[in-house]
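User: Please examine the helix packing and the sheet in the structure shown below.

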Amino acid sequence: MSSLHASYFGELRINGEKLGRRDDLLAKAIYRNLPPLRGGKGTKWPSGDDLKSFKDLNEDVYNDLIQKDIEKDGKKVPFNQRFKKVLDQMVKDSFIMEREGAYAKSKERRLESDGKEAHYYPAIQDELERFWALEDGREYHHRHRFLAVLDTHHEGGVATGEWARPDITVVGGKVLPYLPSKFVDVHTFEVKIGLPLIGIYEALAHRRSSHYASVLYIWHEGGERPDASQISSVVREATKQGIGVMLLEQYDDYSQWRELTEPVRYEPDPQVLNDFLRRQSDRDDFGLKLQTWIHQPDNHKPPVREKDAELLMFTTEQLIVAKEIIKRLENSDEEYLSSKDFPEYQDSGDVFNKVRTALSDAELIQFKSGKVSKANGKLFELDRTDFEEVTTENSDSAT
């Protein structure tokens, strides 16, 4: 990795590949269950109390993931193989330190880098996109919906005012089966280190051009617990203003984000909102993507994307296979492909079969009689029986 100060879990790679969701959660659980490395300057290994043995760490992490229903099958052999691979990579990339089979969190991760909030934006954007956006009530990750997570802290200036530029903006689009038209939600986030009250007022300024405004307060790992009176002050003011507040006790692990208040929905002036989105239009072709989604028919379902597989509970190895299956289906002129068309994966035990089944269950591919084909284009799965009953009732009423 280029710099310890820029390290976050999203940069972890095994054999050059981005971690699958299951291995990503495994890496975070390993880190959560390690003690911090303490001691004065220049003291690398001050005390045995700072270390946790491989056996104890293994058990703690395994139990952690069982409780979160991530490891349901209870088979420890494949878990141990993955555990050691992820653990070794985290040592290599200086997330954790090792001595004689014992481990602790690296002190380097506890440094405040250069004290700039922008240092944390990439990691926070990853967590917003991969976890926050999938929560109930949002679920912007579905293919018939829209999701963009933008770094917008450079936007603004004389014309808009410094406080008018949110650090991070999430634009989520929905198509709802029982309501007409499409809906666009704009969430803005102000990122602050510590608990400065000014973050609430900066977020309030963002609400001119958003539906929901929140502050993300970063509390550094290994530091003392936030002062209760400070938290109370922030929560009281945020509640009064309708601003959301989350405390990020580990900025690159969404499971360690604590929501203190929910943001209240606000309806901004449509022209102001439109102008704000227009100013972001060149960021990763955001404007073109949003306009394309808005003008597509409501019943349109776009093709399966390789990134759709990243949201499934795959190991890194399985994710590579899943992306290859999706890519070949999309690029193939054949109506279907069989497992024989993927000979390079036939020696990898049951990995191919597990991936194929998971993709089929998620409706990213269709699988029947040993053949895989592209997913169907159905947008909403409605119970046909219920639909026919309603139709019959309406007909009877009309009569």
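**Helix packing and sheet**

User: With which handedness does H1 pass H2?

Analyst: This is a predicted model, in which local features need pLDDT of at least 70, side-chain atom pairs count only at pLDDT 80 or more, and totals for chains, interfaces and linings use all residues. Residues are numbered from 1 along each chain as its sequence is written, and side-chain values use heavy atoms, leaving out hydrogens and water. A crossing is left-handed if the near helix is turned anticlockwise from the far one by less than a right angle, and right-handed if clockwise. The crossing of H1 past H2 is right-handed.

User: At roughly what angle do the axes of H1 and H2 cross?

Analyst: Helices (H or I, at least four residues) and strands (E, at least two) are DSSP runs, numbered from the N terminus. Axes are lines fitted to C-alpha atoms, for helices over the stretch in contact, and angles run from 0 to 180 degrees between N-to-C directions. The axes of H1 (residues 21–32) and H2 (residues 54–67) come within 9 Å and cross at roughly 125°.

User: Which residue of S7 is the bridge partner of Phe146?

Analyst: S6 and S7 (residues 168–175) run antiparallel and are joined by six bridges. In S7, Phe146 has as its bridge partner Gly173.

Terms used
Pairing = 2+ DSSP bridges.
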